[in-house]
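Subject: Structure for you to look at

Dear colleague,

I am passing on the structure below, and my notes on it follow. Please read them with the model open beside you.

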Amino acid sequence: MSEAHEHDVIVIGGGGAGLAAAASAAERGARVLLFESETELGGSTQLSAGLFTAAGTSVQSALGVEDSPERFYQHYMDLNQWMLEPGLIETFCRRSGPALEWLIELGVEFPAVLSTNAHTPGLTRAGVEDVWRGHVPKDQGYGLVSVLAAACRERRVEVVLNTRVEDLLFEDGRVVGAVADGVEVRAAAVVVTTGGFSHDPALLEEHYPDALRSGADGFVVAAEGSRGDHLRFADRVGASVTGSGWGLILPTAYFQRRHHWQSGFPPLSRIHVDERGLRFMDEDASYAVSTGIIDARGGRVWCVFDERARRSLPAGYSDWTPDRITEEAEAGRTLRADTLEELAGMMGVPERALVTTVRDWNEQLPHGRDPLFLRHRTLEAKGLTSPPDPIGPGPYYAARYLPTELVCTHAGLAVDDRAAVRDRAGRPIDGLFAAGEAGAGVLGPRYVGGGNAVSNAVTMGRLAGLEAAAGL
């Protein structure tokens, strides 16, 4: 890196991964230039709950939770059926804890208290792991981004907003800069952190067609800048792309169009039934596994609840409210009937099966036990102190429930355990690094649970920044 440049490191993208990369490279003494295509920093990280999954942290230790990177690694690989590169995942799991401690040093607050959900600061259950690893920061994703942005300012990172990088400079097998607004900007290293491609239908069709299956019911909660620029860079430099076919789609009611903390939450007293009229899952199962469970039932199931459950929904949300359910029922989109037998006919499921399913549920979970799906354990972990009400008198409701909420995509530039981008022969491309959704290989076929994407963004973003500045 002996050639003189105005900047040592260029970071393309100002979400969680890009901010972590920029702050880390500057921390090592690099002169950093960060391009963000949108009018503000933050990307999808700012829109998230900020939940960060990590192992062996001071927060866990303060609460007496025994955990280790080795245990995290085993769980991560097992859940992903060992379809990920072990060395890369070992690096991610080992570095996740130190990355969280780095955030704490910068000023992000992760209180050492137990949390029963992804929106209350503290330590919570992130997915289906046996040890709680979900670290919820104060002020959610906004708070995390605010601290990282402040760290970039303190380290004199030059930030250029509302500027989309259109190309990489590639000379003699090495990335030597980028082109933005037609202007060539040269640097010793480039870090690509442009997010995913959730807002590009053509790239979804090519790399994640499952996201399009829900048709008009589908919606995207990723940041507007998630347009797949990293995949367009791949052809320019001969980079390897991995992770096609993988991503995170959350199951929601057909009428939802926003994040849950905006849409609201379905009633506690509800059951999910399949086309046979039978209950088939823990209705509060982590989204690490819930989409797969629903897909195994054909991808479209029913959420069934009663009038009391409808009235119990709190006001103030956009979708799961008493009035919205009534509107959907009046329009005929949510089914409504005075009896379960009539509802079964409208749903097209066996009448006897639905009636028996509701009767069995009423005899079990409202009395504190769910022998089939152990939902009582999930509710206990969420801090529920009393069991749900029975499904009582009608009218009864049934709303289609299906994977519709596209959160993130996992196809991107293949990276190694230094966050260096690999070419199609598996060798690192000189001067090019990637992280977050743009740097593929950590987010796999199974999303491990809440905090997987944010932890990947910050952990691998920090590693990419440090490695990009290592040769200065």
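Between domain 1 and domain 2 an area of about 1,800 Å² is buried, and carbon and sulfur atoms give 57% of it. Of the area that domain 1 buries against domain 2, Asp217, Phe219 and Val221 supply 34%, which is more than any other three residues. Please keep in mind throughout that this is a predicted model.

As for the domains themselves, the protein chain is divided into domain 1, made of residues 7–246 + 410–469, and domain 2, which covers 250–405. Their C-alpha centres lie 34 Å apart, and 22 residues of domain 1 are in contact with 23 residues of domain 2. The count of salt bridges between domain 1 and domain 2 is two, while five residue pairs are found in polar contact across the interface of these domains. A salt bridge also joins the side chains of arginine 213 and aspartate 295, with 3.1 Å from N to O.

**Helix H13 and what covers it**

Which residues of helix H13 are buried? In this helix, which spans residues 340–347, they are Leu340, Leu343, Ala344 and Met347. Seen down the axis of H13, the buried residues fall within an arc of 105°, and so they line one face of the helix. After H13 comes glycine 348, which has a positive phi, near 80°.

**Backbone details in the loops**

The peptide bond from glycine 394 to proline 395 is cis, with omega near 5°, and proline 395 is found in the loop between helix H15 (375–381) and strand E17.

Aspartate 139 is not a glycine, and yet its phi is positive, at about 65°. This residue sits in the loop between strand E5 (134–136) and helix H6 (140–154), where aspartate 139 is partly exposed, with a relative accessible area of 48%.

Leucine 374 likewise has a positive phi, of about 55°, although it is not a glycine. Leucine 374 belongs to the loop between H14 and H15, and with a relative accessible area of 34% leucine 374 is partly exposed.

**Serine 318 and its contacts**

Which residues is serine 318 in contact with, leaving aside its neighbours within four places in sequence? They are Arg258, Gln262, Ser263 and Arg324. Serine 318 itself is placed in the loop between helix H11 (307–312) and helix H12 (322–330), and it is partly exposed, with a relative accessible area of 25%. Serine 318 and arginine 258 are 60 residues apart along the chain, whereas their C-alpha atoms are separated by 8.1 Å. The side chains of serine 318 and arginine 258 are joined by a polar contact of 3.5 Å.

How values were computed: Residues are numbered from 1 along each chain as its sequence is written. This is a predicted model: local features need pLDDT of at least 70, side-chain atom pairs count only at pLDDT 80 or more; totals for chains, interfaces and linings use all residues. Side-chain values use heavy atoms; hydrogens and water are left out. Buried means under 20% relative accessible area, exposed over 50%, partly exposed in between (1.4 Å probe, protein chains only). Helices (H or I, at least four residues) and strands (E, at least two) are DSSP runs, numbered from the N terminus. The arc is that of the directions from the helix axis to the C-beta atoms. Domain bounds come from an automatic or database domain assignment. Contact means heavy atoms within 4.5 Å. Buried area is the accessible area (1.4 Å probe) that two parts lose on being put together, summed over both. A salt bridge is a side-chain nitrogen of Lys or Arg within 4 Å of a carboxyl oxygen of Asp or Glu. A polar contact is a pair of N or O atoms within 3.5 Å; within protein, one must be able to donate a hydrogen and the other to accept it, and residues adjacent in sequence count only if both atoms are side-chain atoms.
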